[in-house]
Amino acid sequence: MNFGGQVALVTGGASGIGRACALEFARGGASVAFVDIAGEDAMTETARALREAGTRVVSFRADVSDFGKAERIVSETRIRLGGLHLLVNAAGINEDAPVWRMTETQWERVIAANLKGAFNYVRAAAAVMREQQFGKIVNVSSVEAFRGRFGVSNYAASKAGLLGFTRAAAADLGRDRVNVNAVAPGFVRTPMSEKLSAEVLDEAARSSVFGRLGEPEEVALVVAFLCSDAARYVTGEVIKVDGGQTL
Ligand SMILES: NC(=O)c1ccc[n+]([C@@H]2O[C@H](COP(=O)([O-])OP(=O)(O)OC[C@H]3O[C@@H](n4cnc5c(N)ncnc54)[C@H](O)[C@@H]3O)[C@@H](O)[C@H]2O)c1
């Protein structure tokens, strides 16, 4: 897909699905900024991989739940790369516990990173995209937004909240020619899912009609489609990328 002349900002861009999205944009000719709280090594390695793909890169080490930083990062991206056309909110965490044992901190941390983080970046990007009368936003939700699995009430609430937010933001921004969509991956092979037990991952692979977990690149390709001109009349939508895990 061709993103030549465009600027992409990817949160959670130093790992897994966010990193795959950043690389997909870079391969399509976009300049890429990414935000992450990852360590120096992961930040540097991702920036190097993006430069190798032949693109201009800017990285920011920041927590997406910080509202003020989102404004500053969007503004700096625009100044350093010349605009902001594509935004992917992929930063996310899980802190699982059954609801009777979940602490207030676990609840608040997951909602802050997964839901407030996306609001912060959409809020900041909206000003630039409205002025340009062009923008594509994709929020990375999860199939947990649709189903009830044990121990993920904070995560499921954040990801279901993200879908409501996506639809309402699409309504707010449509007249300014900004599309807002979401993807809902099933289990995908990333550092986040690697923390889960072998039993959970085997079960997830078996539940897919393809008999395997997803790859980050397979989510990135759908994100890229939603950011492309081919999807210009699609907004407020969610596409599951789960290999049939929830069929
Ligand atoms: N891997 C899966 O099976 C799966 C399934 C469904 C949805 N998702 C979602 O996809 C997104 C990416 O997950 P992943 O699997 O690639 O995980 P990952 O852990 O590989 O990548 C997530 C990245 O987000 C960053 N991050 C976390 N909290 C942050 C914060 N507060 N501020 C800035 N950066 C932050 C992490 O440092 C990491 O680099 C997440 O939103 C996750 O909920 C993942």
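Student: Which residues of β2 lie on one side and which on the other, and are they buried or exposed?

Tutor: First, this is a predicted model, where local features need pLDDT of at least 70, side-chain atom pairs count only at pLDDT 80 or more, and totals for chains, interfaces and linings use all residues. Residues are numbered from 1 along each chain as its sequence is written. In a regular strand the side chains alternate between the two faces of the sheet. Ser31, Ala33 and Val35 take one side, Val32, Phe34 and Asp36 the other, and all are buried (20 or more other C-beta atoms, placed from the backbone, within 10 Å of a residue's own).

Student: What is the bridge partner of Val10 in β2?

Tutor: Strands here are DSSP runs of E with at least two residues, and helices are runs of H or I with at least four, numbered from the N terminus. β1 pairs with β2 in the parallel sense over 5 bridges (pairing takes at least two DSSP bridges). Val10's partner in β2 is Phe34.

Student: Which residues does Val223 touch?

Tutor: Val223 is one of the buried residues of α8, and what covers those includes α1, β4, β5, β6 and β7. Contact means C-beta atoms, placed from the backbone, within 7 Å. Leaving out residues up to four places away in sequence, Val223 touches Cys21, Val88, Val138 and Val183.

Key: Two residues are in contact if their C-beta atoms, placed from the backbone, lie within 7 Å. A residue is buried if 20 or more other C-beta atoms lie within 10 Å of its own, exposed if 12 or fewer, and partly exposed in between; C-beta atoms are placed from the backbone.
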